Amino acid sequence: AGLGVVVRHSKGSVQFTTWRVLFRCADAAEAEAIACVEGIRLATQWCRQLVIIESDCARVVAVLHSKSMDKSTLSFVVAEGKELSQLLSKWRMSQVKREGNQVANELALLARRTVHSAVLLRNSPACVS
């Protein structure tokens, strides 16, 4: 599996993109949760304004947004995401349709295809430009 993250400024310009190979991943929900946590982690380092984490996985949006403790197979990933999110001044989760998550999906495909991981600041690879 692979993950892809794109972070945009409120006006739409790319702040950074990242993609990474996931060698041990149980299912699509776990890959999506790991991608969201990676986005939160990078946002704590690079973003100072409102952060909106978008995912096309309703399950991941629900557990990361929930105030209650998660007891699912995603619990360790979710706990890390919730802990990291406390470092953000303002953030929220948003569910988008799969078509709205196309750039992140292309980045995940790039990671799987090339077995390569990277972070690009203020840029994106040619396959998603």
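Angles under 35 degrees count as roughly parallel, over 145 as roughly antiparallel, 65 to 115 as roughly perpendicular and the rest as oblique.

The model on screen is predicted, so local features need pLDDT of at least 70 and side-chain atom pairs count only at pLDDT 80 or more, while totals for chains, interfaces and linings use all residues. Residues are numbered from 1 along each chain as its sequence is written, and side-chain values use heavy atoms, with hydrogens and water left out.

Stop 1: Helices (H or I, at least four residues) and strands (E, at least two) are DSSP runs, numbered from the N terminus.

**Stop 2: residues 2–8, then 14–21.** Buried means under 20% relative accessible area, exposed over 50%, and partly exposed in between (1.4 Å probe, protein chains only). Strand 2 runs antiparallel to strand 1, and seven bridges join them; two strands pair if DSSP finds at least two bridges between them. Pick Gly2 and look across to Val21, its bridge partner in strand 2. The hairpin has five residues between the strands, and Gly12 there takes a positive phi near 100 degrees.

**Stop 3: residues 28–46 with 58–65.** Helix 1 and helix 2 pack with their axes 9 Å apart, at an angle of about 50 degrees. Axes are lines fitted to C-alpha atoms, for helices over the stretch in contact, and angles run from 0 to 180 degrees between N-to-C directions. Helix 1 and helix 2 are therefore oblique to each other. To see where they meet, select Ala29, Glu32, Ala33 and Cys36 in helix 1, and Arg59, Val60 and Leu64 in helix 2. Contact means heavy atoms within 4.5 Å.

**Stop 4: Gly39.** Stay on helix 1, which holds Gly39. Gly39 is buried, with a relative accessible area of 7%. Leaving aside neighbours within four places in sequence, Gly39 is in contact with Val5 and Ile53.

**Stop 5: residues 75–85.** Helix 3 packs against helix 1 at an angle of about 20 degrees, their axes 9 Å apart. Helix 1 and helix 3 are therefore roughly parallel to each other. Residues making the contact include Ala33 and Val37 of helix 1 and Val77 and Leu84 of helix 3.
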